[in-house]
Amino acid sequence: MTGEVVLMEIRWLEAFIAVAEELHFGRAAARLRLAQSPLSQTIRRLEKDLGVRLFDRSTRSVALTPAGQAFLPHAHRVFEELELGRQSTRATAGEVYGTVSIGFFGALNHLTLPPLTRAVRQRYPEVTLSLTARVMTREGVEQLEQGGLDLAFVGLPISHSPVRTRLIGREPIGAALSIDHPLAGQKAISLVDLAEDGFITPPAAAGSALQESTLRACVTAGFRPRVVQEITDAYMILTLVSAGVGVALVPSSVAGIMSSAAVFVPLRDEPTYVDHALAWREDNPSPVLRAVLEVAEEVLPTPET
C-alpha cells in the first residue's frame with residue numbers, strides 16, 4: 001500500500017513539472033503521453049493534497065501561482081535525488097553514468113559548446129548531455145536556481161544569484177554590417193559612426209549579456225542605440241543584418257560564421273568585452289555534473305584577462 005502511494009505521488013510531481021514547464025495542459029499531456037483530462041485530474045489531486053492552488057488557469061493561459069513557483073524547485077529535486085540514486089549504483093563500479101542538462105545561446109557558443117560536448121562523450125560515453133538552445137543569461141540563471149538545468153553558458157556579470165560561475169572566454173565586440181552598408185569596406189570603424197543606424201539586439205527583457213554589452217558600448221560612445229528589431233536567435237540576428245534590416249554588435253568570434261552577405265568590422269574605440277562563463281549550482285550534488293565540470297576545466301580553461 002505504501003509503495004502505491006509513493007509511486008502515485010511521484011507521478012503527481014512529474015505531471016506538475018510538465019505543466020509548469022510547458023504552461024499548457026495540452027502540450028504537457030502530449031509530453032507525458034496522457035490524455036488531457038487525466039492530467040488535469042492529477043494536478044487537482046496534487047493541489048488538494050498540498051492545500052494550495054499551483055496554477056492560475058483560464059481559457060487562454062496557464063500560469064504558476066506564487067505557491068507553484070515556490071514548489072517547482074523542490075519537485076525538481078525529488079527527481080534529481082532519484083537520478084542520483086541511479087547514478088550511485090553505477091558509481092560503485094567506477095562508472096560515470098547519468099544525465100547533465102546544459103543551456104546555451106547558440107551562435108555565441110559555437111566555439112565553446114562543441115569542444116566540451118565532444119570531450120565529455122569521448123571520456124564518459126555513458127553520460128547523456130541534454131542540450132537546450134536559445135537560453136540567454138537571465139533564463140539560464142533562473143533555470144539553474146530552480147533545478148531545470150545543471151549547467152549553463154552565460155554572460156558575465158550576473159548579480160543577486162547564488163549560482164557559481166567560471167570565466168571561459170573574453171572577446172571584444174565589433175560591428176556586423178550588411179555588405180552594402182557604406183562602412184562595410186572599412187578595416188575598422190568608430191562606433192559613433194553607427195549612431196544613425198538601426199540596431200538588431202536580443203530582447204532587453206530577456207537579460208542578455210550581449211544586449212547589455214551593446215547598450216554599454218553605445219552609451220560610452222555617446223549615443224543610445226535605436227533598436228529596430230529584437231530577436232533571441234543569434235543566427236537570425238546575423239540573417240537580418242545580411243538582409244539590411246539593421247546593424248548589430250557581436251563578439252569577434254562570430255566573424256567566422258558570417259554569411260557572404262554580411263561582414264564583421266572591428267571597432268577602433270576602447271574595447272567592450274563580452275565575457276563568457278559556465279554557471280552551475282554549487283549545492284548540486286550530482287557526481288555526473290562534477291565529472292563534466294572537470295572536463296570543462298581542461299578543454300575550456302579560464303583565460304588570462
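Trainee: Which residues are linked in a network of salt bridges?

Mentor: Glu21, Glu22, Arg27 and Arg31 are, a salt bridge being a side-chain nitrogen of Lys or Arg within 4 Å of a carboxyl oxygen of Asp or Glu. Please keep in mind that this is a predicted model, where local features need pLDDT of at least 70, side-chain atom pairs count only at pLDDT 80 or more, and totals for chains, interfaces and linings use all residues. Residues are numbered from 1 along each chain as its sequence is written, and side-chain values use heavy atoms, with hydrogens and water left out.

Trainee: How many salt bridges does the count come to?

Mentor: The count by this rule is 13.

Trainee: And which residue does glutamate 298 form a salt bridge with?

Mentor: Its partner is arginine 123, with the closest N and O atoms 2.8 Å apart. Because glutamate 298 lies in helix H9 (residues 287–299) and arginine 123 in helix H5 (residues 113–123), the pair ties together parts that are 175 residues apart in sequence; helices here are DSSP runs of H or I with at least four residues, strands are E runs of at least two, and both are numbered from the N terminus.

Trainee: What about aspartate 275, is it buried or exposed?

Mentor: Aspartate 275 is buried, at a relative accessible area of 14%, where buried means under 20%, exposed over 50% and partly exposed in between, using a 1.4 Å probe and protein chains only. Its side chain meets that of arginine 170 in a salt bridge (2.7 Å, N to O), and arginine 170 is partly exposed at 40%.
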